[in-house]
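This report describes a protein structure by its sheet, its helices and a selection of side-chain contacts. The sequence and the structure are shown first.

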Amino acid sequence: MKLFFSADQLHHRPQQYVRLGKIGPALENPNRMETLAQALASLGLERQAPQDHGREPILTIHDAGYLDFLERIWSLWRDLPEAGPEVLPNVHPYRGAGADLIRRDPCRNLGAIGLVGHYVGDLSCAMGEGTYRSAYASAQSAISGAKAILEGERRALALCRPPGHHCYRDRANGFCFLNNAAIAAQRLRSRFSKVAILDFDTHHGDGTQAIFYARGDVLVASCHTDPTDYYPFFAGFADERGHGEGIGANLNVPLAFGADDSTYLAAVESLAQAVRAFGAEALVVSAGWDAHRDDPLSRLKVSSDAFPRLGEVIAKLDLPTLIVQEGGYSLAAIAEAAPSFITAFLSGHR
């Protein structure tokens, strides 16, 4: 199996993360990828640097104004008098997308503060000099993985970092700046008439849901911690089934705090059943290891034993599959969960 990763993805080095009214060190940091790469090294994967496919594949998902913002905001920010060491928002517009979750009014701001308020949704997306470079490279890893599938590979892995599934068409959220899984799924649509995204990260992929919410050609199926009192708080409920042509192509399975291995696995199996019923011809897996009970953000009781079983469930779908890295913030947990998942997934394809 080919593994796509670029060292450019390590240049995003956030220093701040605001949670529960406290400023602390960033959980989403380069150590995650270094740990993952080392943990996967013994599996014999064919590691490749992604090709640069340019902005065009990204712009099939993201607004051009947003992409321009990511590229130039650091230079605008550092020229502000008394600006802090990283880009963070302190204002937000009282406007959102419509019922289809996609379109917002264009941003009319010219200054850095207004632009950041419009395009950044929370205080977990601190941006520095290397952020755009890393986000762009992360997207290129996903695009290269999708290209491998289009060229006949049955499976591929994109070690995307920064992650992507909280990122909307025109807004960064939850450590995410470009929606890697969505970009890859759209790329796969050039060949496959129906594509499914299966997301087992402990957080709901609200950005991915919003991007495809009014479309019937891409199934977004997610199990995650109940957002009633958990990030992303405002999306991920079971009654969110899609809009217009997308009705029925969105499935959320919220899990109560404390859900264990059996509950988590049953939820993923229900997602797999939805993928089959949808008639998907290709699959993108948004793989997060943060449901693990040792993850600092987890509210579930999922053990390391669950992850190889997840790999078996997904392998049984027997679809051309791109695995896209999302969350996971305990280095010890991801060093166990990711290799065991990949090993079981590959064994199921033999």
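## Charges over rings

K194 lies over the face of F278, at 4.8 Å from the ring centre. A charge is taken to sit over a ring if NZ of Lys or CZ of Arg is within 6 Å of the ring centre and within 35 degrees of the ring normal. A further case involves R171, whose charged end sits over the ring of Y168 at 4.7 Å from its centre.

## Basis of the model

The model is predicted, and local features need pLDDT of at least 70, side-chain atom pairs count only at pLDDT 80 or more, and totals for chains, interfaces and linings use all residues. Residues are numbered from 1 along each chain as its sequence is written, and side-chain values use heavy atoms, with hydrogens and water left out.

## The parallel sheet

An open sheet is formed by eight strands with parallel pairing, in the order β4-β1-β5-β10-β9-β6-β7-β8. The edges are held by β4 (46-48) and β8 (250-255); each has a single partner strand, so one side of each is left without a neighbour in the sheet. On average, neighbouring strands of this sheet are turned by 15° against each other, direction ignored. Strands (E, at least two residues) and helices (H or I, at least four) are DSSP runs numbered from the N terminus, and two strands pair if DSSP finds at least two bridges between them. Strands of a sheet pair through backbone hydrogen bonds, either parallel or antiparallel.

Strand β5 (residues 155-158) is joined to strand β10 (residues 321-325) by four bridges, and the two run parallel. R155 has T321 as its bridge partner in β10. β10 is also joined to β9 by five bridges, again in parallel, with A287 opposite Q325. Five parallel bridges likewise pair β6 with β9, and I197 has V284 as its bridge partner in β9.

Strand β9 is mostly covered, as six of its six residues are buried, where buried means under 20% relative accessible area, exposed over 50% and partly exposed in between (1.4 Å probe, protein chains only). Both faces are covered: A282, V284 and S286 are buried on one side, and L283, V285 and A287 on the other.

Helix α6 (residues 180-188) lies across β6 (195-199), β9 (282-287) and β10, and runs at about 175° to β9. Helix α1 (residues 30-40) lies across β1 (2-4), β4, β5 and β10, at about 135° to β10. Axes are lines fitted to C-alpha atoms, for helices over the stretch in contact, and angles run from 0 to 180 degrees between N-to-C directions. Contact means heavy atoms within 4.5 Å.

## Aromatic pairs

The whole structure holds 15 aromatic pairs. Rings of Phe, Tyr and Trp (its six-membered ring) pair if their centres lie within 6.5 Å; planes under 30 degrees apart count as stacked, over 60 as edge-to-face and the rest as tilted. The rings of F200 and W289 have centres 5.8 Å apart and planes at 55°, so the pair is tilted. This pair links distant parts of the chain, 89 residues apart: F200 is in the loop between β6 and α7 (206-212), and W289 is in the loop between β9 and α9 (306-315). Both F200 and W289 are buried.

Another tilted pair is formed by F233 and F234, at 6.3 Å centre to centre and 50° between the planes. F233 counts as partly exposed at 36% relative accessibility, whereas F234 counts as exposed at 75%. Ring pairs also link F200, Y264, W289, F307, F341 and F345 into a cluster.

## Two polar side chains

Y231 is found in the loop between β7 (218-225) and β8 and is partly exposed, with a relative accessible area of 22%. The side chains of Y231 and D122 are joined by a polar contact of 2.5 Å. Such a contact is a pair of N or O atoms within 3.5 Å; within protein, one must be able to donate a hydrogen and the other to accept it, and residues adjacent in sequence count only if both atoms are side-chain atoms. A polar atom of the Y231 side chain also lies 3.0 Å from the backbone nitrogen of G174.

N250 is found in strand β8 and counts as buried at 6% relative accessibility. A polar atom of the N250 side chain lies 2.8 Å from the backbone oxygen of E240. Not counting residues up to four places away in sequence, N250 touches Q209, Y213, L219, V220, E240, R241 and G242.
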